[in-house]
Amino acid sequence: MEAKASARYVRVTPMKARRVVNLIRGKQAEEALAILKFAPQAASEPVYKIVASAMANARQKANQEGVAFREEELFISEVYADEGPTMKRIQPRAQGRAYRINKRTSHITVVVATPEKEENR
């Protein structure tokens with residue numbers, strides 16, 4: 001069973017978000033939450049919320065399908081941070097010049113799954 005959660009337009013650069021996302025790829029979901037809770041990067045907070053949301057989505061999906069749900073079986077099957085739109089701002093500089101400031105955003109997606117069991121073999 002798979003469940004997905006995503007956050008769009010997160011105000012963190014995709015490069016910084018990918019550093020955090022790479023820490024949890026392939027890990028157990030509860031272990032990923034523990035890693036994110038103590039990670040010093042600022043991007044770990046929104047990623048933590050997305051992983052927790054994906055776990056809640058999996059729990060809800062299992063309830064709807066009437067399937068037994070064990071949270072400790074969940075693992076991060078897919079996680080990626082794509083680039084969102086960039087807000088362009090102007091910084092005044094000396095002698096009438098202007099420098100551009102790019103305020104980048106990210107679209108972060110997390111997919112959690114349970115290991116597929118072989119049946120009818």
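To begin with, how many helices and strands does the secondary structure of the protein chain come to? And which residues of the largest nonpolar core touch the most other members?

Author: This is a predicted model, and in it the protein chain has 3 helices and 5 strands, which follow one another from the N terminus in the order β-α-α-α-β-β-β-β. The radius of gyration is 18 Å, well over the 14 Å that the globule rule gives for 121 residues, so the chain is more spread out than a compact globule. Along the principal axes, the C-alpha atoms fill a box of roughly 75 × 25 × 25 Å.

Buried residues account for 31% of the 121 residues in the protein chain, and nonpolar side chains tend to be buried together in soluble globular proteins. Here the largest nonpolar core holds 26 residues, of which I24, V47, V51, I76, I108, V110 and V112 touch the most other members. At least two residues of this core come from each of β1 (2-10), α1 (14-24), α2 (29-38), α3 (44-65), β2 (75-83) and β5 (106-113), while α3, with 6 residues, gives the most.

I24 deserves a view of its own: leaving aside residues up to four places away in sequence, I24 touches A32, I35, L36, V47, V51, I76 and V79. For the protein chain as a whole, among contacts with a separation of 6 or more, 70% are between residues 24 or more positions apart.

Terms used:
Residues numbered from 1 in each chain as written. Predicted model: local features only at pLDDT ≥ 70, side-chain atom pairs only at ≥ 80, totals over all residues. Heavy atoms only, no water. Helix = DSSP H or I, 4+ residues; strand = E, 2+ residues; numbered from the N terminus. Rg over C-alpha atoms; globule rule 2.2 N^0.38 Å. Buried < 20%, exposed > 50% of the residue type's maximum accessible area, 1.4 Å probe, protein only. Contact = heavy atoms within 4.5 Å. Core = buried A, V, L, I, M, F, W, Y, C linked by side-chain atoms within 4.5 Å.
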